[in-house]
Amino acid sequence: MPRARIEPVERRLRQAEAAGIDLPALRERAMAALAAGEPEQALPLYAQWLALEPGAAAALEGREDAVSLLLEGVPTALQAGDLAGASRLLVQARRHDPGHAQLPGLQAAWSRALLAQTRRADADLGAGRLEAAAGRFAGLREAAPDDAGVAQGAQRTARALAQQARQLAADFRFVEAGHALDLA
């Protein structure tokens, strides 16, 4: 459809939405959540505010501040080895402000941490520490479910554990074989 026909409809929809929303109260709640240091509560409020008032300078600034505050948790999570937590924060920040200035650097740091963790898991697998490798790959699958290197490493670990389970069962060590299969 031509833009000239879409814009009036969008404007009427925003007006209809705004009619049922107390915009000043929404603004206050968004600013209060940000002032309280709660970016995860503030960001949806700023998104709603921007949906009703696209381009509102105060909403754009507030969203920027909330995303910056949210992203402060990424280095801490990475230092703690919590790739899944860091990933969650990055995804949420990208959803609200995909062009945020801090995102590329933090995404690169996360990618480096993922690579380092994958190498550790691969080293565990190569050294025959199958239980440790399985634990690491399980955590990595949570943090990066779509990463091909993580998926391949997890599959190699599962195959090694299945082979170990077969050997244990052949030796009539059924409890240990069951544990290996559970890990696989």
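Start by selecting helix 4 (residues 57-71) and helix 6 (residues 83-96), which pack at an angle of about 170° with their axes 9 Å apart. Helix 4 and helix 6 are therefore roughly antiparallel to each other. Angles here run from 0 to 180 degrees between N-to-C directions, and the axes are lines fitted to C-alpha atoms, for helices over the stretch in contact. Under 35 degrees counts as roughly parallel, over 145 as roughly antiparallel, 65 to 115 as roughly perpendicular, and the rest as oblique. To see the contact, show Arg 63, Val 67, Leu 70 and Leu 71 of helix 4 with Leu 89, Leu 90, Gln 92, Ala 93 and His 96 of helix 6. Contact means heavy atoms within 4.5 Å. Helices (H or I, at least four residues) are DSSP runs, numbered from the N terminus.

Before you move on, know that this is a predicted model: local features need pLDDT of at least 70, side-chain atom pairs count only at pLDDT 80 or more, and totals for chains, interfaces and linings use all residues. Residues are numbered from 1 along each chain as its sequence is written, and side-chain values use heavy atoms, with hydrogens and water left out.

Next, click on His 100, in the loop between helix 6 and helix 7. Is His 100 buried or exposed? His 100 is buried, with a relative accessible area of 3%; buried means under 20%, exposed over 50%, and partly exposed in between (1.4 Å probe, protein chains only). Leaving aside neighbours within four places in sequence, His 100 is in contact with Glu 64, Val 67, Ser 68 and Leu 71. Try the distance tool on His 100 and Ser 68: they are 32 residues apart in sequence, and their C-alpha atoms are 8.2 Å apart in space.

Now show helix 2 (residues 23-35) beside helix 3; their axes are 8 Å apart, at an angle of about 150°. That makes helix 2 roughly antiparallel to helix 3. Among the residues that meet here are Leu 26, Ala 30 and Leu 34 in helix 2, and Leu 45, Tyr 46 and Trp 49 in helix 3.

The structure holds 2 aromatic pairs. Tyr 46 and Trp 49 form a stacked one, 5.7 Å centre to centre with 15° between the planes. Rings of Phe, Tyr and Trp (its six-membered ring) pair if their centres lie within 6.5 Å; planes under 30 degrees apart count as stacked, over 60 as edge-to-face and the rest as tilted. Tyr 46 and Trp 49 are 3 residues apart in helix 3 (residues 39-52), so about one helical turn separates them. Tyr 46 is buried at 2% relative accessible area, and Trp 49 is buried at 3%.

For the other ring pair, select Phe 172 and Phe 174: their ring centres are 6.0 Å apart and their planes at 85°, so the pair is edge-to-face. Both of these residues are exposed. Phe 172 lies in the loop between helix 9 (148-170) and helix 10 (174-183), and has a positive phi of about 65° although it is not a glycine.

Finally, turn to the largest nonpolar core, where Trp 49, Leu 71, Val 74, Leu 83 and Trp 110 touch the most other members among 47 residues. Such a core is a set of buried Ala, Val, Leu, Ile, Met, Phe, Trp, Tyr and Cys residues joined through side-chain atoms within 4.5 Å.

Methods:
Helices (H or I, at least four residues) and strands (E, at least two) are DSSP runs, numbered from the N terminus.
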